[in-house]
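The following paragraphs lead the reader through a contact between chains and a feature of the surface. Please consult the sequence and the structure while reading.

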Amino acid sequence: VIAVSLEDLREASAAIMLVGPLVGALTAFALGSHRAVWSLACVLAFAVALASLQLATGGGFVSAPLGLQVDSISGAAAPIVGVAGAVCVFAAGWLAPSDSGRRTASVALALLQLAWFGWIGAAFSNDVFSLFAFLELGWLSACGLAALGLERDRAAAPAAFRQLVWCGAAGVAFACGAALVQHAAGSSDLAEIANARGARDRASAAGFALMIAALATWALAAPLHAWGGALFGRAARLASLAIASVGVAAALTGLARISLAAAISETSLSRGVSVGLAALGALSLAIGSLQAVGARDLRRLVCYAGAAQAGAIMIALALGEPAGHAAAFMNIASQTLIALGLLGGAAMLEGRAPLVVLDGFGRRAPVAGAAIAVAALGLIGAPLTLGFWSRWRLIEAALASGWWWAAAMSIGASLAAVFYAGRLLERLYARAEESTTPRTWRASLAPAHIVAIVAAIAFGFNAQPLWRAAGLAGELLAGIGR
Amino acid sequence: LNAETLLLVTLAAPAARAIAAIAVARPSWLRDSLNIALATVQGVAPLMLLKEVARGEVAPIVLAAPMPDMTFAFALEPVGVITASVCGLLSAAHSLHTAAYMRAIHEPAPARLQTFIALSSLMATGVALSANLFTLFVLHQALILASVPLVMHAGGEASRRAARTYISVLLGAAFGLLFPAIVWTHALGADLTFRADGILSGRVQPWVANVLLMLFVFGYATAALPPLHRWLAEASVAPFPALGALHALAVVPAGCAALLKTTLYVFGPAMAQAGLAARALLLLAAATMCMAALNALAKQDIRERLAYSTIAQAAAVTAGAMLAMPAATYAAILQIVAYCFATLALIIAFANVRAVAERTQIADMQGLGRQMPWTFSAVAIGAVSIIGLPPLAGAWPKLWLMEASAELAFARGDVFSWFNGAVALSTIANSLSWLAAGALAALSTIATFAYLAPLAAKALVGEPPPHMSARPDGASIFMAGPVALTGVATLALILLVDPLYDFLLPMFSQP
């Protein structure tokens with residue numbers, strides 16, 4: 001009875017995760033009052049966050065609305081996109097009117113929830129076309145959200161346009177890739193694609209390459225992240241927070257699924273995908289780290305550091321081993337918390353965020369400063385943060401597979417992070433604060449700060465629950481393969 | 001009190017010091033009293049642990065299990081407990097001195113300074129008592145981060161620059177070298193818990209052992225082995241109480257203890273397979289003992305001179321660890337004890353000079369011993385111990401190091417047998433490297449004499465300054481007292497040379 005009840009609860013959780021943001025978005029479109037729709041959105045977001053945590057426990061398959069399915073990968077991704085999305089909705093209480101003006105604040109909130117719905121759907125998709133549809137919905141909504149920052153900064157419009165062009169191109173590439181793969185395998189279902197061993201040909205390889213390139217673009221992997229710097233630096237803060245913490249996690253989950261399907265086949269295609277992912281990952285890790293070292297703006301720094309992290313995750317996926325996939329999910333969780341901490345902290349700053357405005361910020365805004373500091377420590381991979389464990393597992397998986405260069409690159413990225421994240425710490429606490437700036441506190445941003453601090457440290461002390469969930473996602477590789 | 005409780009008290013006392021310094025920032029007398037009382041507890045508890053270790057107690061304590069195969073745990077073993085005892089005992093004297101010194105110089109942020117000294121002390125104690133490599137790494141990193149505020153306590157561009165170097169070198173080494181070494185050790189299928197027979201024993205090929213040893217030794221940049229030593233010299237901009245923590249109470253001793261624990265409990269017998277790296281590191285450490293001492297001679301600011309002195313002394317510990325034989329291990333452990341006491345005596349003595357006479361340049365200290373007899377008597381004792389003049393405790397580690405080098409050099413035949421073809425060329429090369437290390441260690445004592453002896457002598461017998469203070473020693477009793485106390489303790493260490501050997505004997509007689 002208990003087992004059946006738990007199974008029912010998990011099915012209900014999957015439904016809540018999909019329906020909650022959709023209801024919130026439709027309500028926000030229908031009603032105009034920002035305060036009222038935000039209150040309702042917060043209630044729904046809280047329910048979605050709880051449901052996502054429920055989904056993370058236990059493995060197996062659970063059916064979800066819209067023909068979707070929750071498996072171990074969705075189970076590992078659910079709490080990441082669920083909790084991070086909920087935190088973005090809470091943050092919208094102040095950020096939406098501040099970025100877009102009072103009149104369009106409810107539209108911003110609606111677009112945010114629509115994007116969230118798309119990204120959750122993408123995390124649950126096990127079919128290339130539904131993955132495409134949900135991701136495209138998420139990115140188009142995020143694009144609209146970014147453009148609403150025009151109220152605050154005129155440069156938001158070209159930044160959003162650049163995003164539209166890049167992500168639109170990625171969408172076209174993904175759709176073409178999906179079509180090619182379906183043509184080759186005779187199915188759009190990833191499990192069937194993985195097991196259709198006789199149907200490998202050049203079309204299939206090209207399809208996978210296009211899908212991976214598209215997902216890497218959405219995941220802000222270098223050098224396909226040219227749209228990210230401008231977007232993070234100039235567009236609406238809410239858009240950059242949502243994209244960096246939820247959108248990127250959804251794209252990387254999609255990438256994990258695609259690479260899983262390729263890896264299971266154990267053919268020349270799996271080797272090709274592995275080499276492609278590894279090369280792109282290495283490039284992203286190197287370019288992202290170098291750009292982050294040279295960054296002079298906090299929000300742009302988040303984009304570049306994110307590119308480095310995305311590169312590390314792609315390398316972990318390229319290993320094609322359960323340990324690599326598990327390490328990838330640890331890294332996705334870590335990256336999400338880092339993005340929440342850095343961009344959530346930076347959201348307190350009006351206008352642009354050159355590093356100099358962080359001088360004394362730790363004393364001016366202690367909680368936001370602490371969120372940035374913990375995220376910076378996570379970037380370095382400091383012990384007792386989740387960043388440490390994610391890096392540890394990645395290096396260990398790389399060494400176990402004999403990929404010495406990958407371990408060395410990951411360590412190199414850590415060293416680069418010592419430089420650029422150390423610089424953030426120095427500015428936060430070692431520089432004199434500007435005496436004219438008042439102490440600041442925003443209640444609606446507090447959940448972002450608190451989640452970024454508490455989760456990063458709590459998982460630093462006890463990463464076992466996360467490791468179990470990530471391990472289940474990794475075991476899927478072996479499970480389906482058998 | 002059983003061993004587990006004492007272990008927890010040893011760790012809890014510095015933590016309580018840090019909390020008390022923040023929570024009871026005012027009134028200052030209460031903050032200082034609490035700090036001194038808790039530092040005394042921190043000193044006494046590990047002394048009681050020594051008895052437990054002698055009885056063979058291990059008292060493992062697991063505080064957390066962040067991953068299925070990893071624990072955050074502490075345990076008793078001789079090297080750790082001795083280091084914790086030294087740090088604890090010196091913390092008691094240092095806390096008393098710091099309280100008085102901060103009053104004397106009207107320190108603007110005393111609570112912050114005390115908090116980070118206590119935190120550094122906590123992390124160093126944790127490093128010493130860690131039960132596995134994971135715990136050691138976590139606390140080693142935490143120690144680096146906790147000690148950064150000490151380096152930049154004075155504020156200003158120079159402090160920030162020093163802090164930047166400090167973070168880049170120490171964290172860079174830890175993430176670039178130590179972290180991969182630990183992950184690699186784990187990836188070799190080894191449990192990370194320290195074992196008397198060595199974690200890596202029987203698990204590594206010689207080339208892996210050599211690479212791992214290099215990664216570990218340079219990864220512990222807190223032990224200040226060149227080329228990763230600049231952080232200590234640049235940290236000289238820190239105030240004197242912070243220097244005490246960096247040189248003698250926390251950072252460098254923790255680095256030395258971590259290095260020793262690694263060679264003893266991670267490598268153990270596998271040190272034989274890392275022979276090439278060990279010999280190279282031994283030569284580097286022996287050369288450092290000489291070069292750092294010569295560098296110290298060129299420095300006119302006493303803080304910089306002490307920094308190079310500490311680099312030379314820490315290199316002696318590394319040399320002992322690399323020789324990997326009982327006599328050398330004993331020398332390394334005794335060296336940690338002797339140099340910590342002597343260095344702290346020197347640092348707090350010169351802190352008094354800074355507070356009373358506002359002098360930090362060596363040329364300005366001539367004749368000051370007439371005005372500050374207690375202070376400069378402690379300087380003289382500390383200097384004699386660091387130079388390595390018998391019978392002070394600082395002499396014995398160097399002698400044992402030289403003896404161990406000679407023993408290894410002539411283990412397969414004397415000098416005459418080298419020339420009659422009875423010994424292989426590679427063996428002769430190895431023997432020469434050991435002999436060179438021993439010779440460099442001997443030379444370093446001469447260089448050390450050159451930079452410390454004239455300083456102490458000129459201060460004590462030189463022309464007195466024109467305006468003598470009416471008060472004996474010029475400093476308050478709370479400043480002069482700890483200086484005299486550490487001076488006497490440095491002297492009294494002579495009595496501990498034999499008991500320490502007896503205490504460590506079971507460790508060496510293990511199979």
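A nonpolar patch is made of residues with over 30% relative accessible area and no salt bridge, in which nonpolar side chains are joined within 5 Å. The model shown here is predicted. In it, Leu140(A), Phe161(A), Leu164(A) and Val165(A) make a nonpolar surface patch of about 380 Å². Helix H6 of chain A, residues 156–185, provides the largest share of this patch, namely three residues. Leu140(A), by contrast, is located in helix H5 of chain A, which covers residues 128–147. With a relative accessible area of 48%, Leu140(A) is partly exposed.

Attention now turns to the contact between the two chains. The size of an interface is often given as the accessible area lost when the parts come together. Between chain A and chain B, about 2500 Å² is buried, and 79% of this area lies on carbon and sulfur atoms. Chain A contributes 29 residues to the contact, and chain B contributes 28 residues.

Polar and charged pairs are also present across this contact. Seven residue pairs are in polar contact between chain A and chain B, counting pairs with both residues at pLDDT 80 or more. Three salt bridges are counted between chain A and chain B. Among them is the pair of Asp69(B) and Arg393(A), whose closest N and O atoms are 3.3 Å apart.

On the side of chain A that touches chain B, at least two residues each come from helices H15 (366–380), H16 (386–400), H17 (404–429), H18 (446–461) and H19 (464–481) of chain A. H16(A) gives the most to this side, with eight residues.

Terms used:
Residues are numbered from 1 along each chain as its sequence is written. Chains are lettered from A and ligands numbered from 1 in the order in which they are written. This is a predicted model: local features need pLDDT of at least 70, side-chain atom pairs count only at pLDDT 80 or more; totals for chains, interfaces and linings use all residues. Side-chain values use heavy atoms; hydrogens and water are left out. Patches are made of residues with over 30% relative accessible area and no salt bridge: like charges are joined within 9 Å, nonpolar side chains (Val, Leu, Ile, Met, Phe, Trp, Tyr) within 5 Å. Accessible areas come from the Shrake-Rupley method with a 1.4 Å probe; for residues, only the protein chains shown count as cover. A salt bridge is a side-chain nitrogen of Lys or Arg within 4 Å of a carboxyl oxygen of Asp or Glu. Helices (H or I, at least four residues) and strands (E, at least two) are DSSP runs, numbered from the N terminus. Buried means under 20% relative accessible area, exposed over 50%, partly exposed in between (1.4 Å probe, protein chains only). Contact means heavy atoms within 4.5 Å. Buried area is the accessible area (1.4 Å probe) that two parts lose on being put together, summed over both. A polar contact is a pair of N or O atoms within 3.5 Å; within protein, one must be able to donate a hydrogen and the other to accept it, and residues adjacent in sequence count only if both atoms are side-chain atoms.
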